[in-house]
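Here's a quick tour of how this fold is put together. Have a look at the model first, then read on.

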Amino acid sequence: MFGAMQDWPLRLGRLFDHVAREHGTREIVSYQADGGTWRSNWAEAVADARRFAQALERLGIRPGDRVATLATNHLRHLIAWFGTIGMGGVLHTINPRLFDDQLAYIANHAEDRVLLYDPAFAPLVERLKPRLASIEHYIPLDDAFNALLVAEDGDYRWVEGDERAPAMLCYTSGTTGNPKGVLYEHRSTLLHMMGQVQPDVFNFSARTVTFPITPMFHANAWGLPFAAASVGAKLVLSMVNDPSVLHRLMIEEAVTHSCAVPTIWLAMLQHIEREGGDFGKLAMISCGGSAAPRAMIAEYLDRNIQFAHLWGMTELSPIGTVCALPADWDERDREARLDFVTKQGRTPFGVELRVVDEGGRELPRDGRASGRLQVRGPWTVDRYFQDEKGVCTDPDGWFDTGDVAVLHPDGMLQLTDRAKDVIKSGGEWISSVDLENAAIGCAGVAEAAAIGVSHPKWDERPLLLVVRKVGSEVDEEEVRTYLSTKVAKWWLPDAILFVDTLPHTGTGKLLKTALREQYRDYKLPDT
């Protein structure tokens with residue numbers, strides 16, 4: 001027996017129709033790299049998205065084909081999102097901060113047929129072209145993109161289909177081995193969006209003016225463009241992340257909600273302290289990517305701005321937990337509030353968490369038992385894209401995040417360690433193993449170990465420990481020069497130290513725990 005309600009597939013095209021119909025005149029503001037500001041609205045953006053959908057079909061793109069973007073936060077990128085998804089394509093956002101080998105691998109593994117890119121990335125695209133096997137159309141997001149739109153009439157209906165059909169593709173980065181693709185569904189993305197707008201998550205409404213500073217290529221800007229569309233919030237986008245520009249936009253556009261990694265929020269405070277002023281109507285900021293310093297959180301709370309810690313990952317679409325205010329917030333003193341907000345938060349409906357021991361036994365939520373963090377839910381990955389290993393969850397649907405955590409009796413998540421030896425720098429991940437493997441390729445290097453050490457701005461930065469080959473006189477400059485051709489610039493270690501030996505486990509693996517303890521108080525040269 002079934003219920004008697006309408007079978008209404010959860011497709012993103014219905015979201016686009018909703019915002020154009022019900023909130024069409026609400027503004028979208030796009031600050032451009034040349035200093036200009038474009039003003040549009042939801043109705044115009046969706047109309048242009050229909051034209052882009054027509055243009056893709058004219059190029060021979062069909063439902064299920066991957067359309068890649070190498071772009072920052074701006075209106076044309078948003079139009080490309082909606083148009084690609086609406087015609088049944090799979091939007092593949094690529095992180096331009098990755099180095100060439102990763103970019104080529106990701107595009108080829110995804111079998112992208114179209115690449116849209118910001119003009120600023122043209123040299124990168126030209127360099128990669130000989131290595132990109134499947135891309136047939138290269139479209140810069142400039143006048144060439146506009147020409148595609150004006151050639152179409154916009155008389156287009158979104159492609160219908162199964163709500164479990166793919167809509168977006170994002171690749172993880174920073175783990176060992178090749179990046180892995182996470183293929184989001186229409187259904188999973190809409191359910192994630194419905195969770196986002198809850199009062200205890202992002203607290204969006206039609207009165208909201210949201211400014212996602214988080215890049216649209218980083219876990220889909222945490223899904224915020226969809227959340228904004230669902231309630232008709234005013235959306236502010238910027239191609240420039242300079243604190244002076246961000247602050248001016250916040251004031252001029254009366255921003256109420258924003259999200260970014262800790263380094264951005266630290267830079268904003270420094271700008272305010274240096275130049276004066278305040279944050280205008282900013283009422284709530286969301287912060288994820290890495291743990292925010294307690295002192296920085298205190299600065300925002302003292303300015304009566306709600307500070308919401310987030311935890312998530314690409315595999316979670318990406319929201320896992322949010323540090324929503326508890327029922328007794330008003331009764332807590334300043335230190336108690338800080339104690340609460342420095343944790344990673346609680347789950348919204350749609351996410352389940354647990355911690356388990358090495359034997360897979362669930363541990364109590366007592367605020368003391370530390371174990372491997374696992375998660376499941378309708379917007380959590382089940383299997384990686386085109387991965388021959390199949391499902392990446394256990395028989396009960398639990399996905400192992402690779403983090404070590406404690407769960408408190410009130411449901412609060414507190415991360416205590418990481419199972420993987422990745423280095424978190426400004427909200428981005430650096431693979432210590434990949435960095436080590438690259439360093440070992442340098443002539444004269446016998447062994448290398450990379451660990452994250454504390455940095456006041458970036459949270460962590462890489463420290464590379466190198467053992468020379470017998471008779472070698474390789475120096476820091478040689479190693480750094482070699483690495484600059486093998487890894488992204490922001491992966492380069494802040495310091496390289498030469499040591500006689502490195503500690504190992506009984507099986508010959510590097511003993512990273514001992515190294516982290518040994519260099520726990522190490523001060524990088526620029527700090």
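## Nonpolar cores

In this predicted model, the largest nonpolar core takes in 80 residues. F16, W42, F82, L116 and F226 have the most contacts inside that core.

## The eight-stranded sheet

Next up is the sheet. Eight strands form an open sheet with mixed pairing, in the order β2-β1-β10-β9-β11-β12-β13-β14. At the edges sit β2 (37-41) and β14 (319-322), each pairing on one side only. Ignoring direction, neighbouring strands in this sheet are turned by 20 degrees against each other on average.

Zoom in on β1 (residues 27-31) and β10 (residues 234-238): they run parallel and are joined by four bridges. Within this pair, V29 has V236 of β10 standing opposite.

Helix α10 (residues 262-275) lies across two strands, β11 (257-260) and β12 (284-287). Relative to β11, α10 runs at about 120 degrees.

How do α9 and α10 cross, and how close do their axes come? The axes of α10 and α9 (residues 243-252) come within 9 Å, crossing at roughly 80 degrees. Angles of 65 to 115 degrees count as roughly perpendicular, so that's what α9 and α10 are to each other. On the α9 side, the contact is made by P243, S244, L246, H247 and M250; α10 brings I264, W265, A267, M268, H271 and I272. Sorted by type, the residues of this contact are eight nonpolar, three polar and no charged.

Definitions and conventions
Residues are numbered from 1 along each chain as its sequence is written. This is a predicted model: local features need pLDDT of at least 70, side-chain atom pairs count only at pLDDT 80 or more; totals for chains, interfaces and linings use all residues. Side-chain values use heavy atoms; hydrogens and water are left out. A nonpolar core is a set of buried Ala, Val, Leu, Ile, Met, Phe, Trp, Tyr and Cys residues joined through side-chain atoms within 4.5 Å. Buried means under 20% relative accessible area, exposed over 50%, partly exposed in between (1.4 Å probe, protein chains only). Two strands pair if DSSP finds at least two bridges between them. Axes are lines fitted to C-alpha atoms, for helices over the stretch in contact, and angles run from 0 to 180 degrees between N-to-C directions. Contact means heavy atoms within 4.5 Å. Angles under 35 degrees count as roughly parallel, over 145 as roughly antiparallel, 65 to 115 as roughly perpendicular and the rest as oblique. Ala, Val, Leu, Ile, Met, Phe, Trp, Tyr, Cys and Pro count as nonpolar, Asp, Glu, Lys and Arg as charged, and the others, Gly among them, as polar.
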